[in-house]
Amino acid sequence: MHYTPAPMHIPDGFLNLLVSAFCWLITVALDGIAISRTNKSLGERQVPLMGIMAAFIFAAQMINFPVAGGTSGHLLGGALAAITLGPWAAMLVMTSVIAVQGLLFQDGGLTVMGANILNMGLLTCIVGYGLYRASMGRSRGVRLFTAGVAAWLSVMTGALMTSLELWLSGTAKLNIVIPAMLGIHALIGLGEALITVAALAFIFRTRPDLLSEGSPSGQGSRGWIVAGVLVALGVILLSPLASVNPDGLNRVAIDLGFMTTAHAGTGPLAGYHIGFLGSSALSRIAAGAIGLLVVLGLAALAGRALQKRS
Amino acid sequence: MHVNAFDRYHHGHSLLHNLDARIKVLVAVAYIVSNVVLPDAAWIAFGLSLLFLLYCNWISGLGLGFTLKRSFVALPFALAAITAIFSVPGHPLGTWHIGMLTLVPTDAGLLRFASVLVRSWLSVQIAILLVAVTAFPDIIHALGHLYVPSIIVTIIAFLYRYLFVLTDEVMRLLRARQARSAGMAGTRAGGSLWWRARIAGNMAGQLFLRSYERSDRIYDAMLARGYRGKLQTMHVEKIQTADWLVASVALAAFVVMQVLGRMS
């Protein structure tokens, strides 16, 4: 089959229960908001549309183009979905796509599905749409360029989150997994960006109404820009830091109770206690990494409030 | 494309085929959770877990090694876990210098790595078995009964239904590209990297518009056929005593694994 799994679907067994549960929590919360938002704004006809768009993302992931040495570029689709369908609808679409990949093709595990949805579905939509939204009202060229950058960063965000989750579960070594994952995905992201931009350019030429300011694509609130920029900044700041000073982050993860060392009890729940932060400067930075997720949720809520007011 | 190209369901009448889909989904998830929470190097418990899996394979009538054949899909991801060998504190087994990195493999790290692989390998097999003995529409229904929000269940139902149609569409696009990209023998077909990327993007855009416009027609056709916001299934949805019994036996087995896994 032409179905090529991307190296970002985490299988079962690679994340510990606490990290999986934490990711499920954020995923369920964000999807919950997305459901209540789409229920309010979408007509009956839109539900089949979202289903078919989910099938579209699935099918579009099979479109590839040869890059070099037998590798090929292809699409993950989070940013493209968010830009064309609007962020909330895209979140539900991506959630369904990743759920089916896990359930039907075992591409990504079941208990870690929350993490996979968060990495590849929700964060890609937030970064992809948030940055693109900032270019709304500008010329077509600027919007396409922004969409490309957003698509690239959305892939990097997913890769960084995947690495962090693996590391928090004690499955990977931070200063190896982050450069490796980000290195591979910098290239995969390039393919994503190129296809996203070309696809959008095609839609601009043939059905500009689908991307106009009155369409679902243009109706996301300005709060999305804040959320998108925050996450993007988080990725840009955290990636080099995490590769340069992994030991500091390691300490904090243990302090926070995310990681058990081999000595501290073998049971998965034995060493878990959400401790208080250490006092070093590094611990504050790492806490920021985890806080980023909280900020993300808050930014989404803020965006909601902003839209209500306008 | 034939509908079975993607479908993982193998028709049969075994005990597993006849179990309620909800029970199957729950037991499969419980099995995976059980594997995930087993401590590192709990080999006896992992062994029991494997026995449970083989037993399920056997009673499914699909053959003992059925899930084994497809169980290596998650293997490429093992690359990420290799680094666990060096990151878990324990008794050092040596020192490797690779470029600027100094790697110290530890015994605990090695055990962690092996355990992660075993957990993942066992877990993916139960997931393979789940979709082999349960028709996907039944799984979708089960999700609905297991409190997955109805809008997501509906999207998944549509996704599943139109996956085949849109995959055909992609195949046509890919075939057309191939036909256009004929090259002289010995020369490379196609243009520069940018050109190739642009073509792929155009294909994605084309597919998007075709899907978008198709959704309108599909919705009208569905309304005409009596769609009332829910997809129907032919299977009766009632959890019976036998279902509960199987679920209890399975859960009891998982508890035994946990106890054994923690004793050593």
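For the predicted model as a whole, ipTM stands at 0.87 and pTM at 0.83. In chain B the mean pLDDT is 84, with 91% of the residues of that chain reaching 70 or more.

Chain A contains ten helices and two strands, and these elements, read along the sequence, follow the pattern α-α-β-β-α-α-α-α-α-α-α-α. Chain A has 310 residues, of which 56% count as buried. When contacts in chain A between residues at least 6 apart in sequence are considered, 76% of them are found to join residues at least 24 apart.

Within chain A, one pair of helices can be described in some detail. The axes of α2(A) and α4(A) come within 9 Å and cross at roughly 55 degrees, an angle that makes α2(A) oblique to α4(A). The crossing of these two helices, α2(A) and α4(A), is right-handed. On the side of α2(A), the contact is made by A:Met50, A:Met53, A:Ala54, A:Ile57 and A:Phe58, while α4(A) contributes A:Ala89, A:Leu92, A:Val93, A:Met94, A:Ser96 and A:Val97. By class, ten residues of the contact of α2(A) with α4(A) are nonpolar and one is polar, and no charged residue is present.

The contact between the two chains draws 70 residues from chain A and 73 residues from chain B. On the side of chain A that touches chain B, at least two residues are supplied by each of α1 (17-41), α2 (46-60), β1 (64-68), α4 (87-105) and α7 (174-206) of chain A. The largest share of that side, 13 residues, comes from α2(A). Divided by class, the side of chain A that touches chain B holds 45 nonpolar, 20 polar and five charged residues.

A helix pair that spans the two chains is formed by α7(A) and α10(B), the latter covering residues 193-224 of chain B. Two packed helices are described by the angle between their axes and the distance between the axes. For α7(A) and α10(B), the axes come within 7 Å and cross at roughly 55 degrees, and the two helices are therefore oblique to each other. In passing α10(B), α7(A) makes a right-handed crossing. The residues of α7(A) that take part are A:Leu194, A:Ile195, A:Val197, A:Ala198, A:Ala199, A:Phe202, A:Ile203 and A:Thr206, and these meet a set of residues in α10(B) that includes B:Ala197, B:Arg198, B:Gly201, B:Asn202, B:Gln206, B:Phe208 and B:Leu209. The residues of the contact of α7(A) with α10(B) comprise twelve nonpolar, five polar and one charged.

Two helical residues of chain B illustrate contrasting surroundings. B:Ala127 lies in helix α7 of chain B, which covers residues 107-133, and counts as buried because 29 C-beta neighbours are inside 10 Å. Leaving aside residues up to four places away in sequence, B:Ala127 touches A:Gln106 and A:Leu110 of chain A as well as B:Ala28 of chain B. B:Ala127 and B:Ser71, although 56 residues apart in sequence, are 9.6 Å apart in space, C-alpha to C-alpha. B:Leu54, by contrast, is placed in helix α3 of chain B, residues 43-59, and is partly exposed, with 16 other C-beta atoms within 10 Å. From B:Leu54 to B:Arg8 the separation is 46 residues in sequence and 19 Å in space, C-alpha to C-alpha.

The backbone of chain B also has features to be noted in its loops. Most residues other than glycine have a negative phi. B:Ala41, however, has a phi near 60 degrees, a positive value in a residue other than glycine. B:Ala41 is found in the loop between α2 (21-37) and α3 of chain B and, with 19 C-beta neighbours inside 10 Å, counts as partly exposed. For B:Tyr147, phi is near 70 degrees, which is likewise a positive value in a residue other than glycine. B:Tyr147 belongs to the loop between α8 (136-145) and α9 (150-180) of chain B, and with 8 other C-beta atoms within 10 Å this tyrosine is exposed.

Key
Residues are numbered from 1 along each chain as its sequence is written. Chains are lettered from A and ligands numbered from 1 in the order in which they are written. This is a predicted model: local features need pLDDT of at least 70, side-chain atom pairs count only at pLDDT 80 or more; totals for chains, interfaces and linings use all residues. Two residues are in contact if their C-beta atoms, placed from the backbone, lie within 7 Å. Helices (H or I, at least four residues) and strands (E, at least two) are DSSP runs, numbered from the N terminus. Ala, Val, Leu, Ile, Met, Phe, Trp, Tyr, Cys and Pro count as nonpolar, Asp, Glu, Lys and Arg as charged, and the others, Gly among them, as polar. Axes are lines fitted to C-alpha atoms, for helices over the stretch in contact, and angles run from 0 to 180 degrees between N-to-C directions. Angles under 35 degrees count as roughly parallel, over 145 as roughly antiparallel, 65 to 115 as roughly perpendicular and the rest as oblique. A crossing is left-handed if the near helix is turned anticlockwise from the far one by less than a right angle, and right-handed if clockwise. A residue is buried if 20 or more other C-beta atoms lie within 10 Å of its own, exposed if 12 or fewer, and partly exposed in between; C-beta atoms are placed from the backbone. pLDDT is the predictor's confidence in each residue, from 0 to 100.
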